[in-house]
Amino acid sequence: MITIKKILCAVDFSEHSPVVADYANTLAKTMGSKIICLYVAPSLDQYVGFHVPPSSIENFVGEIVTGADTTMETFIKENFKDAKVDGKVMTGYAAEEILTLAKAEEVDMIIMGTHGRRGIDRILFGSVAEKVVKAAKCPVLTVRPE
């Protein structure tokens with residue numbers, strides 16, 4: 001029988017994130033799993049050298065992470081009432097950070113949302129979910145917006 005001891009629930013704090021959390025919560029309760037809820041703040045390293053002092057970028061990213069930490073605490077209280085959950089906020093490229101944490105924590109499943117972009121949006125922005133599904137060593141459950 002398959003056991004799922006640890007679930008990585010990747011969220012972006014959009015209006016769709018509570019639905020993703022609900023899937024993680026339901027599965028965790030059914031399987032007795034622990035949840036790691038992850039938000040990845042965007043890295044602004046690509047803007048260093050654009051006549052913006054690196055210290056300004058670092059300060060801005062620091063403020064984003066501080067705000068995300070607070071948002072994560074609230075998100076966990078509202079969406080994971082009776083679950084064993086740890087919240088994490090990281091900075092970088094979402095797909096890479098999700099995969100890195102999944103490997104480091106040896107998670108048994110990743111649950112994440114997908115924005116369902118199509119056409120030119122998908123070409124320009126790519127798909128974090130698609131990259132994770134293709135590279136993950138564990139099963140990935142993607143939840144489309146309703």
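**View 1. Strands S1 and S2 run parallel in this predicted model.** Six bridges join the two strands, S1 and S2. Ile7 has its bridge partner in S2: Ile35. In general, strands of a sheet pair through backbone hydrogen bonds, either parallel or antiparallel.

**View 2. Five strands form an open sheet.** The order is S3-S2-S1-S4-S5, and the pairing is parallel. S3 (84-92) and S5 (140-143) are the edge strands, each pairing on one side only. From one strand to the next, the twist averages 20°.

**View 3. Helices H1 and H3 lie across strands of the sheet.** H1 lies across S1, S2, S4 and S5. Its direction is at about 175° to S1. H3, residues 94-105, lies across S1, S2, S3 and S4. H3 runs at about 150° to S2.

**View 4. The largest nonpolar core has 21 residues.** Cys9, Ala24, Ile35, Cys37, Phe80 and Ile111 have the most contacts inside this core. Two or more core residues come from each of S1 (6-11), H1 (17-31), S2 (34-42), H2 (54-79) and S4. A second, separate core has 16 residues, including Leu101, Ile110, Ala136 and Cys138.

**View 5. Cys9 and its contacts.** Beyond its neighbours within four places in sequence, Cys9 is in contact with Val20, Ala21, Ala24, Ile35, Ile36, Cys37, Leu38, Phe80 and Ile111.

**View 6. Thr114 sits in a loop.** This loop lies between strand S4 (109-113) and helix H4 (119-125). Thr114 has a relative accessible area of 14%, so it is buried. Leaving out residues up to four places away in sequence, Thr114 touches Ala129, Thr142, Val143, Arg144 and Pro145.

Note on methods: Residues numbered from 1 in each chain as written. Predicted model: local features only at pLDDT ≥ 70, side-chain atom pairs only at ≥ 80, totals over all residues. Heavy atoms only, no water. Helix = DSSP H or I, 4+ residues; strand = E, 2+ residues; numbered from the N terminus. Buried < 20%, exposed > 50% of the residue type's maximum accessible area, 1.4 Å probe, protein only. Contact = heavy atoms within 4.5 Å. Core = buried A, V, L, I, M, F, W, Y, C linked by side-chain atoms within 4.5 Å. Pairing = 2+ DSSP bridges. Axes fitted to C-alpha atoms, helices over the stretch in contact; angles between N-to-C directions.
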